[in-house]
Amino acid sequence: MASSAKPSSVANSGASVGGKSIAANLLDVAIGRFQWPQGALLYFLPPERELLPDRAIRLSFQAYLKFSGLAYEDVCALNADYMSPSGQSPFLVLQFGTRPIIFSNFFQLVSFIEAQKLGLGQDLDKKEKSEHEAYISLIKMSLLSAMEYDAWISKASRQETLSSYSHGLPWPLKHLVPYSQYYKYRWNHWGLYKRDEASVLSEFNDACNALSVHLGGSRSFYQSGPTALDALMCGCVEAILNSSSQKLKSILSSYDNLVDFCHSSVLSQRKGLQFISSPSTANLSSNQ
Amino acid sequence: MEEGNFMRITNAKVKVCKVQVLGLNRTKNDIVTEQVKDVLKSENLLELVANSLESVDRLKSLNAFKEVNLEFGACRNKMGKIDGTAVTFRVKENGLIASSISANAGTQSGDANLSFSLRNIFGRAEQLKVVSTTAFPQWGQTIQLELTKPYYKDITRQFCAGLGTTNFKQPPCGYQENIYEQKVQMQCFSRLGHHTFGWFCDWRELFGFDNGVPMSIRKDAGHSLKSSLKHVLVTDNRDDPLLPSEGYLTKLTHEVAGLGGDICFSKAEVQTQMFKEIFPEWVLGLSFWGGLLKPFSPSKINDRFLLGGSTTLRGFEMWGVGPHRHGYSYGGEAYWATGLHLFLPLPFTSGEFFRRIRFHGFLTAGNLNELCSLSSFLNLLKETRLSGGFGMHCRLGIAQIELNYAIPLRAQSHDRLKPGLQFGIGLDML
């Protein structure tokens, strides 16, 4: 196995191992023959560690991949948030050759997949596309912020959040880590921390109202079929309805069409969201 | 005849009737008395001088005085008659507060140190020290607070308790780590050498993995608590700690983790150096390092050994030897490394400063591997890495600086090599 070294050539090849697959993939992307890789893995936290916003994003990830027909497998890991480059669960690992590409942000994944023309929303016209972006931003700014507020700042569920961080840790870390995470969150989200609950809830209500009006009586936001907005909304509604947050739940429950939307038959694939592992299906290419 | 006179003088009986220490202000009498009491036991002149000089050293090592002067005088009785010898130590106490600032720089990184200490706080040589180190570019930051105190006035036995926090990046492994550490340790001397026994408790957090880091390294992410007992034995037999030409230095470390926390392992490490002067000022140095880790739960990347770089196996990138996962160092459970150096003095130079700078030619060899089977253990010898080169070696205080031209002579396909010029700075160098 031992090889006599040829220093410069070995060093160069060693340095380019990481860059090569990215370059090759960029080329694939550029010439339009990008293929969804086999063995994509979605890492997320187990239910006892998962906070409300993490659960909403995880369900959105799962819904989006299901709607797009992209094969992946679920992996539940107690340290999924620390494994993620952004420090947030969930994250999706796509294995290209020797090097993984990781998406820890739902919106990045959506733009990547849509750029490859693999995802949903290909049939939207220009106006619908900009509207679609605006509603996604609305969910990000209002619904997800309200869920974060509920999980970290609202006194009712703060204790539950802190205890979720103590899972699987030895003494005395089970007491130290939750508080260190809480104070870290507080400093990093000072603007949200200083807001009052009523304004956050009223913004949440306004956003639900706008989304409810936009959805109307149909089973998806756009006639052409489910899009990233449907996946995100489905994830958020599902997470809130199954959470212990009474305030968010009561507001959301008053919008029957949003609740029905989540339970509707158009999103029959939503049953798949409950899966802990789903079987891999055949590779999809851009032609499919 | 002269020798006889000398013997007669040194064997001359003396009677020490008074020992006084002048200049004490904050320092307590009891700890000073303990250091100078042997002077009273002196029976002849030789003993008196030896004991007095030893007391001066002991007083200086309290780190409480900036100056210690010794005076001998006559001691007179009430009648004004000389009764014996009076020994006087005139001391000047250090200020309570001391601070220092220093910086090191290399081709790839550097660090700045800022330290602040309170000396002799309660008058019994206690010291409280705060050290802050910042390494750049963005490699890490350390803040440590340490309290040391002699144990029962005996300065050879030190009690030490410390708290610290370290944040650093480990680019070869693709992660960042935060460590919050506590330690309680005892230092003492025995016939074997200098011992350090201690309890170390580290709360570690691995996070911030690069995007390309594979899952096999990423799985170690998150919080862990290592609570361990550690024993370090240092035997130093060298003629000069800075520029040794004869003798050996051995450092044995044994650590057992698992007293609480979620990390369980036993780790043993040896570092030894031997020096021999083969011609005047031509010194041959041989060093050997080895380590073995026996994990009782799956080992984490921050507990495993790493090898390679300018301070260990020259000619390789930092931690560039041994198992890798997709270009990132994975570490191993066993390693060995050996280095043979020939140090030569700089020609046409003189003076203390130039003595510290020497040419050296070296050969380094070693290997690092995981210990999953017998064959992996045998591979430690089979897949030996080898490198050689020459350069300049400089000793500045306790730090060593090297500028080398190194060539890897034997390597494995997954190793990361760095042939050519390599700059290294460190406290321990292979």
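Leaving aside its neighbours within four places in sequence, which residues is B:Gln127 in contact with? The list is B:Asn63, B:Ser117, B:Leu118, B:Arg119, B:Ile121, B:Glu146, B:Leu147 and B:Thr148, where contact means heavy atoms within 4.5 Å. What you're looking at is a predicted model, where local features need pLDDT of at least 70 and side-chain atom pairs count only at pLDDT 80 or more, while totals for chains, interfaces and linings use all residues. Residues are numbered from 1 along each chain as its sequence is written, chains are lettered from A and ligands numbered from 1 in the order in which they are written, and side-chain values use heavy atoms, with hydrogens and water left out.

**Chain A as a whole**

- Chain A has 12 helices and 4 strands; helices (H or I, at least four residues) and strands (E, at least two) are DSSP runs, numbered from the N terminus.
- Of the 288 residues in chain A, 51% count as buried. Buried means under 20% relative accessible area, exposed means over 50%, and partly exposed is in between (1.4 Å probe, protein chains only).
- Take the contacts in chain A with a separation of 6 or more: 75% of them come from residues 24 or more positions apart.

**A stretch with a UniProt label**

- An unreviewed UniProt entry lists residues 205-263 of chain A as "domain: Metaxin glutathione S-transferase". UniProt positions are given in the numbering used here, feature names are shortened, and annotations may be inferred rather than shown by experiment.
- Residues 205-263 of chain A are 69% helix and 0% strand, and the end C-alpha atoms of the span lie 20 Å apart.

**Zooming in on A:Leu215**

- You'll find A:Leu215 in helix H9 (residues 197-215) of chain A.
- A:Leu215 counts as buried, at 3% relative accessibility.
- Setting aside neighbours within four places in sequence, A:Leu215 touches A:Ser220, A:Phe221, A:Asn257, A:Leu258 and A:Phe261.
- A:Ala231 sits 16 residues from A:Leu215 along the chain, and their C-alpha atoms are separated by 13 Å.

**Two helix pairs in chain A**

- Two packed helices are described by the angle between their axes and the distance between the axes.
- Helix H2 (residues 52-68) of chain A packs with helix H4 (residues 106-115) of chain A at an angle of about 15 degrees, their axes 10 Å apart. That makes H2(A) roughly parallel to H4(A).
- Axes are lines fitted to C-alpha atoms, for helices over the stretch in contact, and angles run from 0 to 180 degrees between N-to-C directions. Angles under 35 degrees count as roughly parallel, over 145 as roughly antiparallel, 65 to 115 as roughly perpendicular and the rest as oblique.
- On the H2(A) side, A:Ile57, A:Ser60, A:Phe61, A:Tyr64 and A:Leu65 meet A:Phe106, A:Leu109, A:Val110, A:Ile113 and A:Glu114 in H4(A). By class, that contact has 8 nonpolar, 1 polar and 1 charged residues. (Ala, Val, Leu, Ile, Met, Phe, Trp, Tyr, Cys and Pro count as nonpolar, Asp, Glu, Lys and Arg as charged, and the others, Gly among them, as polar.)
- Helix H10 (residues 228-241) of chain A and helix H11 (residues 246-253) of chain A pack at about 125 degrees, with axes 9 Å apart. H10(A) and H11(A) are therefore oblique to each other.
- Here A:Val237, A:Ile240 and A:Leu241 of H10(A) contact A:Leu248, A:Lys249, A:Leu252 and A:Ser253 of H11(A). This contact of H10(A) with H11(A) has 5 nonpolar, 1 polar and 1 charged residues.

- Most residues other than glycine have a negative phi, and most peptide bonds are trans.
- A cis peptide bond joins A:Ser89 and A:Pro90, with omega about 0 degrees. A:Pro90 is in the loop between helix H3 (80-83) and strand E3 (91-96) of chain A.
- The peptide bond from A:Trp171 to A:Pro172 is cis too, with omega near 0 degrees. Look for A:Pro172 in the loop between helix H6 (155-164) and helix H7 (173-188) of chain A.
- B:Ala125 isn't a glycine, but its phi is positive, near 60 degrees. B:Ala125 lies in the loop between strand E5 (110-119) and strand E6 (127-136) of chain B, and is buried at 10% relative accessible area.
- B:Trp319 isn't a glycine either, and its phi is positive at about 50 degrees. B:Trp319 is buried, with a relative accessible area of 19%.

**Back to B:Gln127**

- B:Gln127 is in strand E6 of chain B and counts as buried at 15% relative accessibility.
- B:Thr148 is 21 residues from B:Gln127 along the chain, yet their C-alpha atoms are separated by 5.2 Å.
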